[in-house]
Amino acid sequence: SSYHLNCIQAIAFTDSNHNLQWCKNYRSLIDFFVGPKCLYIKSQTVHDNVQRAAGETMDNKGHTYEYWKHRFGMIRTIYAGTKEHSLTNHTARHHIWQHFDSTSTHSCKSD
């Protein structure tokens, strides 16, 4: 329900999430996931020739972006600063905590 969505302060997704297609029939849920309370932290692929810094915003062009947009919509996405999947949470931890701090309102409001 929208009440429960309003109670969620922040979400930080990492590479263990496969896509948001499962909720495409629930507009309010999709809107929530691509809204300001959600952030996706992405590791790089081993094929990426350029090292991306932790917190660097994902480019919004090219095949990789179109594939990403199909899977996750317009969710705000940053790089974790590593190609190692298992280190994603660690290398991006400061960005994760910053996201939580910046979106927290410490209240639960109903519509």
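A polar contact is a pair of N or O atoms within 3.5 Å; within protein, one must be able to donate a hydrogen and the other to accept it, and residues adjacent in sequence count only if both atoms are side-chain atoms. This is a predicted model: local features need pLDDT of at least 70, side-chain atom pairs count only at pLDDT 80 or more, and totals for chains, interfaces and linings use all residues. Residues are numbered from 1 along each chain as its sequence is written, and side-chain values use heavy atoms, with hydrogens and water left out.

**View 1. Thr82 and its surroundings.** Thr82 sits in the loop between strand 3 (77–79) and helix 4 (88–91). Helices (H or I, at least four residues) and strands (E, at least two) are DSSP runs, numbered from the N terminus. A polar atom of the Thr82 side chain lies 3.0 Å from the backbone nitrogen of Glu84. Thr82 is buried, at 8% relative accessible area. Buried means under 20% relative accessible area, exposed over 50%, partly exposed in between (1.4 Å probe, protein chains only). Not counting residues up to four places away in sequence, Thr82 touches Ser43, Gln44, Gln51, Leu87, Thr88 and Thr91. Contact means heavy atoms within 4.5 Å.

**View 2. The largest nonpolar core.** This core has 17 residues. Phe13, Phe33, Cys38 and Ile75 have the most contacts inside it. Strand 1 (11–13), helix 2 (27–33), strand 2 (38–42) and helix 3 (62–72) each give two or more residues. Helix 2 supplies the largest share, four residues. A nonpolar core is a set of buried Ala, Val, Leu, Ile, Met, Phe, Trp, Tyr and Cys residues joined through side-chain atoms within 4.5 Å.

**View 3. Cys38 and a second core.** Cys38 touches Ile11, Phe13, Phe32, Phe33, Ile75, Arg76 and His99, not counting residues up to four places away in sequence. A second, separate core has six residues, including Ile41, Ile78, Ala80 and Ala92.

**View 4. Aromatic pairs at Tyr40.** Rings of Phe, Tyr and Trp (its six-membered ring) pair if their centres lie within 6.5 Å; planes under 30 degrees apart count as stacked, over 60 as edge-to-face and the rest as tilted. The count comes to eight aromatic pairs. Tyr40 and Trp68 are edge-to-face: 4.8 Å centre to centre, 85 degrees between the planes. Tyr40 lies in strand 2 and Trp68 in helix 3, so this pair ties together parts 28 residues apart in sequence. Tyr40 and Phe72 are tilted, at 4.7 Å and 55 degrees. Phe72 is in helix 3, 32 residues from Tyr40. Tyr40 and Trp68 are both buried, and Phe72 is buried too.
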